[in-house]
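Open the model in your viewer and keep the selection tool at hand. Each stop below says what to select and what is there.

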Amino acid sequence: MNETMEHRKDLEKYGIKSDTVHWNLDAETLQRITVEKGMGVETENGTLSINTGKFTGRSPKDRFLVKDDYTKDRIWWGRINKPISPENFDKLYDEVAKYLSNKEIYARDAAVCAHPDYTMNVRTVTEFPWSNYFIKNMFLRLSEEELKDFDEEWLVLCAPGYEAPNPEDFGIIAGNFSILNFTRKVALVGGSEYPGEMKKGIFSALNLILPVDKNVLPMHCSANVGEDGDTAIFFGLSGTGKTTLSADPDRKLIGDDEHGWTAENIIFNFEGGCYAKVIDLTEEKEPDIYRAIRPGALLENVVFKEGTKEVDYFDSSITQNTRVSYPIDHIDNIQTPSYASNPKNIFFLTCDAFGVLPPVSKLTPGQAAYHFISGYTAKVAGTEAGINEPVPSFSACFGEPFMPLHPTVYAEMLSKKMQDAGVNVWLINTGWSGGPYGVGSRIKLKYTRAMISAALEGKLEDVDFDAHPVFGLYMPKYCPGVPTEILDPMNTWLQKGAYVSKAIQLAHSFHINFDKFASEASEEILNGGPLIDSHHSLDEHF
């Protein structure tokens, strides 16, 4: 469906005057236009592949929220949530609207939040055809009937070709920007071709709207549901196994990245698609993602094998952050529609390269809130020969860059919901055992799957647990399908003293990171952290 006079008027109310507006184009048409304009190429199997130019990921330093009466006393202002005045936003908005005017542009009406009680209509206007393609994949696709009476609640304007000429005049840092205005209900993206800015902009908006106005907990997580209707939630930062472990042949995928948890204990997907990393992708390792890369999907920043149209997924010469977006129905085993009730288990996934945390442990409500706020994983410092020191990495609520409210708000909501629903919370270490990276070995995926299966099937309910002496985590003494000796990480280290020292070192990192949240945290949350840090005597615990 192309531009009509009525649609032109629809855009004129945003200050955009264009004679060529393409409205709600299908994937095939968007792909053809992208290729004809030289903005993308097709792979050997017909999948569209594009390059996002200078920005191959989000630019967190260039993200701003408009500070006005709605936001000024709600937002957790600081390094993550930087303010911009309404006046500067209005000036920048007018510049972008003027820039998009008289251009060939692409509009799409879609929605987010799969549960009908929470669905939010979003209109997106993009400069590039493939940006529109991305939105078609990632937001919820509407029927012809739903499109007839469409009335948007939020507007996304995406102008990658516009850069603010004098950023300081608009109260921003650089020529590129990603800005949310909660009063005007606009997400404004300029100067960056990376399409994830649009997706994460709306996710960030929902992370304020849902808890404040709807009593819904927004979560950066994947989720699936079993045959008995029990829902499982998987939190985890990049590289911890969130996508891999939530893809279970015996359970239906609800979604792989962003969800809400309602007061009625319904878990619903925000999105209509998946946005997966494809670096080092193989069919054996990630069969669902690999098979989803077909016409209808959109690849970003991948490299072809020389002289061919075959993608070399191991080539990171453009970026490590190579990605694909695809509609969720490119996955076979999905929950339709994308929501389910009865949450029973939550898994916090961490890749602990220090080799300290147990492979599986059960958390108390206070511990769950503490580890949720901490959002811990560890990154390996390098891959050169020899032993490399891991680096602790913390991201509050496993999604700090997208959280407008103070992390304790989300943590206390999670704690209350898990207690009201009788949910079990598990910390799963998908990282190292027997020593840190370079000494120990990565915990086998089959063992991690066995631990998650045991938790889901209730097979850990009647086993005995030991408390970890440093972190206070409750470690099962037995787990079906898992060697008993690895369940307590200290048993796997040759030198017990070295393990204790490393555990104390990691505990100290947790304490230092948590200091910035402590003033807002309840006593229960504070007591959920490590029992000791480097200032305490070991004699009390060993």
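**Before you start**

This is a predicted model: local features need pLDDT of at least 70, and side-chain atom pairs count only at pLDDT 80 or more, while totals for chains, interfaces and linings use all residues. Numbering runs from 1 along each chain as its sequence is written, and side-chain values use heavy atoms, with hydrogens and water left out.

**Stop 1: the annotated site**

**Stop 2: His220**

Center on His220, in strand β11 (residues 217-225). Helices (H or I, at least four residues) and strands (E, at least two) are DSSP runs, numbered from the N terminus. Is His220 buried or exposed? His220 counts as buried, at 10% relative accessibility. Buried means under 20% relative accessible area, exposed over 50%, and partly exposed in between (1.4 Å probe, protein chains only).

Now show its contacts (heavy atoms within 4.5 Å). Leaving aside neighbours within four places in sequence, the partners of His220 include Lys200, Asp257, Phe398 and Phe402. The side chains of His220 and Asp257 make a polar contact at 3.0 Å. A polar contact is a pair of N or O atoms within 3.5 Å; within protein, one must be able to donate a hydrogen and the other to accept it, and residues adjacent in sequence count only if both atoms are side-chain atoms.

**Stop 3: Asp257**

Step across to Asp257, in the loop between β13 (252-255) and β14 (258-261). At 9% relative accessibility, Asp257 is buried. Its side chain makes a polar contact with the side chain of Lys199 (2.7 Å). Beyond four places in sequence, Asp257 also contacts other residues, among them Lys242 and Glu271.

**Stop 4: helix α4**

Select residues 129-138. Ten of the ten residues of α4 are buried, so the helix is largely enclosed by the rest of the structure. Trp130, Tyr133 and Lys136 are among the buried residues.

**Stop 5: backbone details**

Go to Thr336 and Pro337. The peptide bond between them is cis, with omega near -10°. Pro337 sits in the loop between β20 (323-327) and β21 (339-341).

Next, pick Cys113, in the loop between β6 (104-112) and β7 (120-126). Cys113 is not a glycine, yet its phi is positive, about 80°. Cys113 is buried, with a relative accessible area of 0%.

Asn301 also has a positive phi, near 60°. Find Asn301 in the loop between β17 (298-300) and β18 (303-304).

**Stop 6: α9 and α12**

Finish with helix α9 (residues 365-374) and helix α12 (residues 496-518). Their axes come within 10 Å and cross at roughly 90°. Axes are lines fitted to C-alpha atoms, for helices over the stretch in contact, and angles run from 0 to 180 degrees between N-to-C directions. Tyr370, His371, Ile373 and Ser374 in α9 meet Phe510, His511, Asn513, Phe514 and Phe517 in α12.
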